Structure formats: structure tokens, C-alpha cells
Amino acid sequence: MSLNQEFRADLHCHTTCSDGSMTPKEVLRLAKDVGLKGISITDHDSIEAYTEAVPKAQLLGLEIIPGVEFSSHYGETSVHILGYAFSLDSPAIHVFCDKHTQRRTHRNKAILEKLAQHRMLINEEDLVINPNEPTHTIGRPHIAQALVRKGYCRTIRDAFNEYIGEGKPCFESGARFSVEETLQVIHDAGGLAVIAHPHLMDDAKEVETILDFPFDGVEVFYARFTERDTKKWLEIAEKRNLLITGGSDFHGSIKPNIALGSSWAPESTFRVLQKHYEAIQRN
Ligand code: AMP
Ligand code: ZN
Ligand code: FE
Ligand code: FE
């Protein structure tokens, strides 16, 4: 079977609605061009992409499942949680996205103040990646890009490593939402909750503790990881009988070395999510 005939679904990517550089429509066009059959757009703390993504996917003949990536905390540990196949009309999700917007507004302001104290002057107007597109979720990648554009840092990586990465002098985490609360919101909206990129978390033992919360799946297939890394999380997911998902975490030019479709989930996973989505829509 050629790769093109194989059903591949990229279940993790970002658009201009959060910190991606391509609009939802552009991401879907690219998905079609690279031969993906299914997709879920998982913007940070926003489901705004779906307004244009649902009709565009239909037009392109791409299968699409609602998705989102929420930032949460377990104590001091940052945990990204993917929500899938929830109702796009759910008040629970909409209210929670609004709470995150408020959290980010305050947090970003605090980071800009710290940068100003270090003589790096950035305004809120500087935090726009694509001036023609409304951005619903403004994050540290936007701040990093402004630091590069204004000549304060050489690269986005330098901006994180020197100033705004966790524990660096201009970092602020802002208000926090717990893993429990985030799972509750996803489940209230009828969705399934998946722990994102556990490979990136420092303490694998702690991830196992976090997985004792009512998660539905693990993002096993994720950009750049070795087979050995993937195997570990595959075994953990299987042992706990959790759904095995995958995706690239595509951000466009913000993370230029990650291609859309470079990690994906197989058709069986996609059908589980799709069945779930159809069932919640009937109820
Ligand atoms: P925020 O949610 O606004 O705190 O920003 C977090 C996002 O910044 C993550 O989802 C990553 O995409 C990006 N990020 C975090 N750390 C780094 C880093 N060291 N280098 C580049 N991007 C990073
Ligand atoms: Zn991101
Ligand atoms: Fe993430
Ligand atoms: Fe992501």
C-alpha cells in the first residue's frame, strides 16, 4: 500500500487562532496536499478555528474532529491536555476558553512589564503574527517573535532560553487551572481528554500519577521522538486501556522544522473519536 492510500490523521496542530502562522483554511489545504485524510485542529485554549474549518474541510473532503489543547497544572508541573470530539456549542468549553483568555491577558502583561524592566520594550500591538487574522490566544511564542523582530534576541529559541522560558527572569505563569478542572470541562462538553506529549515531561513517574486522573487517552505518536520513547508511552497507554493518539504539533513558520502530518494517528483511532462525536451529537 502506498503511503498516500493509508489513512493518516494528524490530531495535533495550531493555526493563527493561537500560535500557528497559517490560517485554519491554509492548514486544511496543506493537510489535503500532504495526503492526510483526517485532522483535528488543537489550538491553545481556543476553538475559534472551527467556524471556518468545518465548512472548509467539507469542501476539501477532509474528515475533521473538534479539538483543543488546554494548558493546566499539577502542582508546579505544566500539563497540556488535548480535548477531542466535544460539542462545539458546549457552554462549558466556551466559558473555559474565555477564562484562559483572561489569564493570558494578565500573564502577558506581567511578562511585558518584566521585559521592560530588562530594557526590552514590547507593546501589546507587537504581539501579532499575521495582521490580517484575528488571534484569539496570544502566547509566549508571539512574545518571542516580537523579541526577535525588535532585535532583542537572535532566535525564538534564544528568547525562551534567555528570558521567557519557565524559570527564566521574565517568565510568569499567571493564573493556573488544575488538571482535574480541565478534565471536568472536557467531559462536561461530551469530549475525550488526552495527555499531550508526555515525552516532553521531565518526570515520567509523575506522569503516571497524573494519568490516575480520568484521562481517556495518551498522545503516543509525537514529533521527533525515537521508537524507544514512543514504545514506552505505547505500553503505558495499552496497560491502562487508554486511547492511543498522535499528531505533529505543527505551528507553521513558528516551529519551521515540524511538518504537518509528520506524526499521525491511524484510522482506528480516528474512527473511535468520530463515533464518539456522532454519539454525543445524537444525545
Ligand atoms: P504559553 O502557552 O503562552 O505559555 O506558551 C507555551 C508555548 O510556547 C508552548 O506550547 C510551545 O509551543 C512554546 N514553547 C515553550 N517553550 C519553548 C522553547 N523553549 N522554545 C520554543 N518554544 C517554546
Ligand atoms: Zn503552541
Ligand atoms: Fe503542547
Ligand atoms: Fe501543541
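The legends below describe close-up views of a predicted model.

**View 1. The open sheet of four strands.** The strands run in the order β3-β2-β1-β9, and their pairing is mixed. β3 (63-64) and β9 (265-266) are the edge strands; each has a single partner strand, so one side of each is left without a neighbour in the sheet.

**View 2. Pairing of β1 with β2.** Strand β1 covers residues 8-10 and strand β2 covers residues 38-39. The two pair in the parallel sense, over two bridges. Asp10 stands opposite Ile39 in β2. Strands of a sheet pair through backbone hydrogen bonds, either parallel or antiparallel.

**View 3. The shell around ligand 1.** Ligand 1 is surrounded by Asp19, His44, His80, Arg104, Arg107, Gly139, Arg140, Pro141, Phe160, His251 and Lys255. By class, the residues of this shell divide into five charged, four polar and two nonpolar.

**View 4. Side-chain contacts to oxygen atoms of ligand 1.** An N or O atom in the side chain of Arg140 is 2.7 Å from an oxygen atom of ligand 1. For His44, the distance from a side-chain N or O atom to an oxygen atom of ligand 1 is 3.4 Å. In Lys255, a polar side-chain atom lies 2.7 Å from an oxygen atom of the ligand. Ligand 1 taken alone exposes 500 Å², and the protein buries 73% of that.

**View 5. Ligand 1 in the largest pocket.** The pocket that holds ligand 1 is the largest one.

How values were computed. Residues are numbered from 1 along each chain as its sequence is written. Chains are lettered from A and ligands numbered from 1 in the order in which they are written. This is a predicted model: local features need pLDDT of at least 70, side-chain atom pairs count only at pLDDT 80 or more; totals for chains, interfaces and linings use all residues. Side-chain values use heavy atoms; hydrogens and water are left out. Two strands pair if DSSP finds at least two bridges between them. A residue is near a molecule or strand if one of its heavy atoms lies within 4 Å of it. A polar contact is a pair of N or O atoms within 3.5 Å; within protein, one must be able to donate a hydrogen and the other to accept it, and residues adjacent in sequence count only if both atoms are side-chain atoms. Accessible areas come from the Shrake-Rupley method with a 1.4 Å probe; for residues, only the protein chains shown count as cover. On a 1 Å grid over the protein atoms alone, a cavity is a set of points where a 1.4 Å probe fits but cannot get out, and a pocket is an open set with protein on both sides within 12 Å along at least five of seven lines; lining residues have an atom within 4 Å of a point. A molecule sits in a cavity or pocket if more than half of its atoms lie within 2 Å of its grid points. Ala, Val, Leu, Ile, Met, Phe, Trp, Tyr, Cys and Pro count as nonpolar, Asp, Glu, Lys and Arg as charged, and the others, Gly among them, as polar.
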